[in-house]
Amino acid sequence: MNIEAITESRSHSDISPEVLLSCSVIYALAVSLSDSIYALALASVIPLLLVITKKLNLSLLVKLNAFNLIMIITIALTWPDFNGGLTKGIVIALRVNMIYIFFAVMIYPLGYAKIFAAMNSLNIPEKLRVLFLLTLRGIFIMHERYSCALISLKLRAKNLHGLMKLRAFAYITCSVLLQSSERSERMLQAVQCRGGFSGFIQTGHKAMSPYDVIMCVCFAVYAIAIIILNYA
Amino acid sequence: MHNSEGVLSGTALIAGWAGSITCTAIGLKKTDTNKIVRTALISSAFFLASLVNIRIGPSSTHLSLLAPVGLILGWSAFPAMLIALFLQAILFHFGGLLVLGANTFIMGLPALIVYIIFGKMIRSENKIFSGVMAFIAGSLAIIMAACLAGVFLGISDRNFIEAAKLLFYAHIPLALIEGAVTSFMIMFLRKTAPEFLS
């Protein structure tokens, strides 16, 4: 975890992560509620601008749309009327792309530190924030051990099949869990020595900048316009 | 079982968030501070299990460990899953942020139900009985999760019901695999670390 990133001072040109997170969720909600072509056309303006101005990971977009293609075919074949299902599938695929592009530019590059800071500002319960930090730490610890164990399994038994393979996966998962558990007990003792979880999180709340307020107002208006157009 | 962004209607999204916020609040209240590290570890294991692909014939699937999470954590399974699914959405773009509530409810409720039904049974003195119960718990959790995913799709649009049925049938092989993995995991934990199941 990059602690410096949590405590770094924010420049005026930056939008705070909690505002980005809130605006993204508002946008996603407005898009999810839209069925009309006009509302979706209006909602697609920002993702299109983002695609033109920002660099996007196109391989992920291709994978997403390969999945979307399967989804469209499934919906079309299971819908009472094929054309209706095809339209519904295409509308959903459009929504998925718009929300994905928006999140890919606004939220995913934020990193853990800023997301954690956003959780702080949004008054998420302390237990949940501690759980977030410890889970992240647990993933880093366990991932290393898990990868080693899986490589070891591949080297020792290349042709494992059926129940033996499932048993190997189950035992590896449990072994890694138990090894990490011993370490976690020491982590817990260290936290208790420092005075417990109260005060475990020390990042302060930052006031909203004028840029944050402008961003919030713009997105609220944009979302309302999409919803009005949808029901008009 | 992850519902993707843009699929669920407003009603389904609200229902998912209402259910998961309520259950997570209860889960957080019931989570002892001393057990929070263990909860985080199980949450990490749940996250990592989704990265391991298991080949089934020409296709492949990944483990979800719903039943082991429920059987070990009980009510704390809800906050653990919320965090794991949030990280999956942020890091791997599985599911999404708006559908996080529905996805947490879809995965958390079966984990909680198997804990309530099978929690005591898997601690039985009889090893075979315990293993069989763990198998049933593992399979049932996946089947319940598939049904719940179908319910959420049905709430969004009644015409999704046929697609939901297809989703249910596709999860039957995974239910058998999860049942076997849950059974092996519970047998292993009974032998080596029974305190995990206490």
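Okay, let's start with the rings: over all chains, the count comes to 14 aromatic pairs. To count as a pair, two rings of Phe, Tyr or Trp (its six-membered ring) need centres within 6.5 Å; planes under 30 degrees apart are called stacked, over 60 edge-to-face, and the rest tilted.

Quick note on where this comes from. It's a predicted model, where local features need pLDDT of at least 70 and side-chain atom pairs count only at pLDDT 80 or more, while totals for chains, interfaces and linings use all residues. Residues are numbered from 1 along each chain as its sequence is written, chains are lettered from A and ligands numbered from 1 in the order in which they are written, and side-chain values use heavy atoms, leaving out hydrogens and water.

So, one pair to look at: A:Tyr171 and B:Phe188 are tilted, because their ring centres are 5.0 Å apart and their planes sit at 40°. This pair crosses between chains, going from helix α9 (residues 162–193) of chain A to helix α8 (residues 172–192) of chain B. Helices here are DSSP runs (H or I, at least four residues), strands too (E, at least two), numbered from the N terminus. Buried or exposed, what is B:Phe188? B:Phe188 is buried, at 17% relative accessible area, and A:Tyr171 is partly exposed at 28%. Buried means under 20%, exposed over 50%, partly exposed in between, with a 1.4 Å probe and protein chains only.

Next pair: A:Phe219 and A:Tyr222 are edge-to-face, with centres 6.3 Å apart and planes at 90°. They're about one helical turn apart because they are three residues apart in helix α10 (residues 210–231) of chain A. A:Phe219 is buried at 7%, and A:Tyr222 is buried at 13%. Together with A:Tyr27 and A:Phe102, A:Phe219 and A:Tyr222 form one aromatic cluster.

Now the interface. Which chain gives 58 residues to the contact, and which 57? Chain B gives 58 and chain A gives 57, contact meaning heavy atoms within 4.5 Å. About 5200 Å² is buried between the two chains, and carbon and sulfur atoms give 83% of that. Buried area is the accessible area (1.4 Å probe) that two parts lose on being put together, summed over both. On the chain B side, B:Leu41, B:Leu48 and B:Phe184 lose the most area to chain A, together 11% of what that side buries.

A:Lys88 forms a salt bridge with B:Asp157, with the closest N and O atoms 3.8 Å apart. The rule asks for a side-chain nitrogen of Lys or Arg within 4 Å of a carboxyl oxygen of Asp or Glu.
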